[in-house]
Amino acid sequence: MFQFIAEHFISLIVGFASLLLICLQAWQWHLRALSRQKLDYEKILNNMLEGFVLQTADGRIIEFNSAAHRILGLTEDELLGRTSIDPRWQTYREDGSPFPGTEHPSMVTLASGKIMQNVIMGVHCAKGENRWISINTVPLFNGDEANPSHVVCTFKDITEGRMLAEDIRLAKQRLELAVKAGGIGIYELDKDGSVAFWDPQMYEIYAMNPHGGSTPLEHWRKVIHPEDKRRTVKLLIGSIRTGQEFHTTFRIVMPRGEIKYIRAMGVEVEDKIHNSKKMLGVNWDVTEQVEKEVLLQHAKDRAEEASRAKSEFLANMSHEIRTPLNGIFGMVALLKDSPLSKVQLEMLQTVESCSEGLLNILNDVLDLSRIDSRRLQIEVASFDVVQSIEQVIKLLQPLAQQKNLPIHLNFDPALPREVLGDSARVKQILLNLLSNAIKFTNTGEIRIEAVGELLESQKIHYRIKVIDTGIGISRENQGKLFQAFTQADSSISRRFGGTGLGLVISSRLAELMGGTLIMVSELGEGSEFCLDLTLAVSSDAEDRASIQGMSSALAVGMDRSKRILIVEDNKINQIVITSLLDKMGFKWVDVVEDGLMALQQLELKSYDVIFMDMQMPGMDGLTATRRIRERLRNRPLLIVAMTANAFDSDREKCLEAGMDEFLVKPFKQKELERILCYPVLRKTS
């Protein structure tokens with residue numbers, strides 16, 4: 001044996017060394033494998049979203065991952081070696097009370113060996129942040145030891161989830177409060193139409209016992225008013241099948257017999273968890289609202305009835321006043337052409353002035369009525385702003401001259417003068433403003449300033465100011481100016497006269513044209529009225545001038561050989577119009593008293609023009625006109641409405657009946673001339 005060892009000693013040493021080397025290499029390989037495994041474990045731990053710490057039996061932290069110090073807001077040095085009972089931890093429970101270190105899940109697990117799960121803890125971090133974490137702990141044992149040697153603690157940041165849950169909780173509370181305050185009930189229906197959910201408010205709306213024998217759907221069908229049941233159920237079933245929105249109002253009959261109105265809405269929603277669809281909806285009691293709407297509708301009907309009665313009264317009043325006024329104006333016009341003494345002429349002019357004043361009041365009342373009933377139409381045509389202002393000044397210049405008041409017009413020459421709008425209504429506003437300025441100014445002057453600003457889209461913003469040096473208006477009385485039938489001071493109406501309608505009508509006309517009328521005034525220092533209008537710039541000034549020239553030419557070339565029939569039942573008006581026509585040179589004039597006689601007269605003679613009254617005993621003018629148009633087919637004939645009815649609706653009725661023109665009583669010779677200058681506009685067909 002020894003001899004063998006001696007003979008092979010070298011070989012044995014080499015073999016043993018080789019074996020040792022192999023073992024060392026194997027051990028090194030094993031250590032490298034352990035190192036790689038440790039790196040893999042560390043990589044896994046550091047890539048975890050949850051925090052991980054390993055604590056010893058006394059609670060000291062000896063291992064942790066990156067997420068741990070990130071979530072806790074501590075550096076690695078601050079975290080390593082810290083215990084769960086360290087007084088530097090600032091932790092608290094969900095109710096806000098302190099969370100003792102001895103009750104930390106890690107300490108509980110180390111003391112009892114129990115696994116702790118989902119323990120919620122609030123942590124006040126070093127940077128001042130407050131975070132909520134959910135903690136899980138697992139004990140580690142060495143051999144058969146009874147107590148854990150280590151504890152593994154994992155935790156995750158649930159701050160955002162808590163905040164979201166809190167927002168949801170608050171939103172739910174707000175919704176519940178709103179639903180309860182609004183008396184809104186919430187329901188859910190499955191696709192088969194069965195009730196999946198009714199909240200307490202639904203049971204209260206339908207006066208149903210949640211613990212009763214019938215189902216909510218059966219009770220709902222039972223209490224719907226018989227007249228609404230078929231329609232409502234059909235709508236609901238259709239909405240469930242098609243997925244369209246359910247929206248309706250129906251009545252229900254309560255246990256004591258009273259009727260309630262219920263508004264119901266429902267929309268299709270998708271349950272992604274159960275991969276199904278259902279209807280989510282609401283019901284609420286609208287009985288009070290419906291009853292108020294009914295009362296409002298009755299009030300509206302009564303107001304409309306009162307408005308119709310007022311309109312009829314105004315129409316009748318207008319007719320009854322205009323008819324004798326027409327006779328007065330006609331007779332005055334005829335008398336003025338007869339030989340009169342100076343005193344007689346002055347008396348006649350006084351009669352004419354008083355009549356015109358009465359007509360102006362009547363026109364103001366009718367204008368206000370048309371505006372209030374929204375029957376006044378604003379026309380749009382090309383007109384010259386400066387020319388319109390000058391026409392108003394020319395009309396009122398004699399009144400200003402009587403008081404030695406100069407009227408100055410200042411207009412920006414750089415602004416376009418030709419615009420699109422209602423020139424008649426613009427002149428009506430300026431006429432009211434300028435006449436008021438003259439009326440309330442004794443000394444000084446009156447200025448009219450027209451300035452403006454070009455806007456985009458070929459529009460211009462005009463500002464026309466009427467400035468006087470008159471008596472002015474106190475601040476406390478300025479608010480009364482734009483109220484119907486009022487004056488700033490009751491003594492003003494006694495001193496200067498007037499109905500108080502001029503400014504009211506002017507202001508409302510400005511609003512109808514999309515503008516405003518404003519005023520600035522001081523008592524004793526004059527007034528400034530400003531009309532603001534935005535108008536489109538017009539480009540057809542030449543066309544308008546040619547039309548005006550054509551009208552003038554027609555007036556010169558009036559055909560006085562026309563045969564004219566007057567259909568009028570009032571004797572005085574018969575005399576007036578026949579006398580005016582005779583004065584104008586028309587000799588072929590006949591008169592009848594109603595529509596039936598007009599039809600009979602047309603069987604005997606042929607006429608070129610008929611002046612037709614609207615309201616007559618027997619057959620009225622509208623009926624007569626329709627009959628004439630039916631009988632006299634293809635025969636040229638001009639039919640002119642001659643009426644005391646001055647509303648736009650009356651004009652429309654006349655045109656629909658077949659009339660060509662509209663002559664409002666009282667009329668003057670110039671208006672007759674204008675009518676008779678036109679060629680025949682319509683053929684009877």
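Visitor: Are Arg251 and Asp228 buried or exposed?
Guide: This is a predicted model, in which local features need pLDDT of at least 70, side-chain atom pairs count only at pLDDT 80 or more, and totals for chains, interfaces and linings use all residues. Residues are numbered from 1 along each chain as its sequence is written, and side-chain values use heavy atoms, with hydrogens and water left out. Buried means under 20% relative accessible area, exposed over 50%, and partly exposed in between (1.4 Å probe, protein chains only). By that rule, both Arg251 and Asp228 are buried.

Visitor: How far apart are the closest N and O atoms of Arg251 and Asp228?
Guide: A salt bridge is a side-chain nitrogen of Lys or Arg within 4 Å of a carboxyl oxygen of Asp or Glu. Arg251 and Asp228 form one, with the closest N and O atoms 2.9 Å apart.

Visitor: Is Glu288 buried or exposed?
Guide: Glu288 forms a salt bridge with Lys292, at 3.4 Å from N to O. Lys292 is partly exposed, at 48% relative accessibility. Glu288 has 54% relative accessibility and therefore counts as exposed.

Visitor: Which residues are linked with Lys191 in a network of salt bridges?
Guide: The count of salt bridges comes to 24. In the network, Lys191 is linked with Glu268 and Lys277.
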